[in-house]
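Student: I'm new to this one. Can you walk me through it?

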Amino acid sequence: MTNLLRWAVVAIATLHGLIHLLGAAERFGWTDDPTLERSDALGVLWLAAAIALFAAALLAALGAPTWWWILAVAAAVTSQVAILTSWDISGSGTLVNLLILYVALYSFMLRGPPSFRAQWKRRASEALATVDPDPGPVTEADLAALPGPLAAYVRRSGAVGRPRPTSLQVRFSGRIRSAPHAAWMPFRARQVSTLGPNPQRLFLMDATRSGLPVTVLHVYCDVRATMRAKVMSMITVVDASGPEMDLGETVTVFNDLVVLAPGAIPDAPVTWTDLGERRVRGVFTNGDQTVSAVLTFDETDDLVDFVSEDRSRVSPDGKSFVRQPWSTPLRAYRQADGRRVLSSGAARWRTPDGWFTYIELEVEEVLGSPTLTVDAPSTHPSPPRRG
């Protein structure tokens, strides 16, 4: 739930619970109301509804755990049964229960078994179970066959002497837009990737558009890719797949490899060519997909850009694609546990009118050989940090 919706539910459920608490007092005979017949059984029913509503409000205030929707449904149903016993004076409470049931359905679709979050976490766990848990270290000998600028980049990343990366877990935040004049949407995202002969990439993003939450799930597995997006976790607005997606996501996998896991470069299925002027071309092959990109390095041996001609830009409805040059200018790095890792970057398309930046992001965390010990990304995207 968004913060606004969550606190609205807290207020409504609390007020609704207080009304039920008053109803319980009246039916227990603790107040003098001649219009209501005293009944201990009905008093227990109204009290149970009040307690359930208070509990639902409290858990929503604390962040609404994954199973919160079960309690919310139970509270709304118990409340409605109580209301039916005095419909003539309490019937309007039905509207509140319908609202609570709707929010419970939204929570179920957001975090329950059919949600993108559940799918992401399940598939990520399965993918991570396939990687080598104890890979050997990257050595100087592994860099001998690489072009000079690329070898210097791997060395500068701090990969030499460390275990070869077999998987990645990355957290992002930032903003994204669909067109040059479209409004920016803040987002938070999390990605799990496996490296090696059959790479997988599982990317889950929560964004906000016009005040409404949008969840996006990218899946790349067995050299096939899909991208799906839902508004309020219920309304599908993008469902893209096909050859263009497969090729485009293969470029993204190649980009992740060189940007986020330099230590995996020596073992990657890439043919490298030194172009001079601190530029290197790489041809990456995965299954039946072959893509290429030009990498540019600066004087300090940092990678500063990755440009590929093999990605296609998806239409707003996700049903068609247009081939356009794609670039990921890398803006800043930082030191983390002896490694040099990306801290901020962007992604852009080259249109007939020039370069169009559609993503600006902050890399909050990059972990190698991760285990899934925390929940999926926050459902409350915050504006990206600007610096």
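Tutor: We'll go through strands, a loop and the cores.
Tutor: This is a predicted model, where local features need pLDDT of at least 70, side-chain atom pairs count only at pLDDT 80 or more, and totals for chains, interfaces and linings use all residues. Residues are numbered from 1 along each chain as its sequence is written, and side-chain values use heavy atoms, with hydrogens and water left out.

Student: Which way do strand 1 and strand 16 pair, parallel or antiparallel?
Tutor: Antiparallel, over nine bridges. Strands are DSSP E runs of at least two residues, and helices are H or I runs of at least four, numbered from the N terminus. Two strands pair if DSSP finds at least two bridges between them. Ile176 has Ile359 in strand 16 as its bridge partner.

Student: What about strand 15 and strand 16, how many bridges?
Tutor: Eight, also running antiparallel. A two-residue hairpin links strand 15 to strand 16. Arg350 is opposite Trp355 in strand 16.

Student: New topic. Is Gly211 buried or exposed?
Tutor: Exposed, at 57% relative accessible area. Exposed means over 50%, buried under 20%, partly exposed in between (1.4 Å probe, protein chains only). Gly211 sits in the loop between strand 3 and strand 4.

Student: And the largest nonpolar core, how many residues?
Tutor: It has 68, and Phe172 is one of those touching the most other members. Such a core is a set of buried Ala, Val, Leu, Ile, Met, Phe, Trp, Tyr and Cys residues joined through side-chain atoms within 4.5 Å.

Student: Which helix gives the most to this core?
Tutor: Helix 8, residues 243-260, with nine residues.
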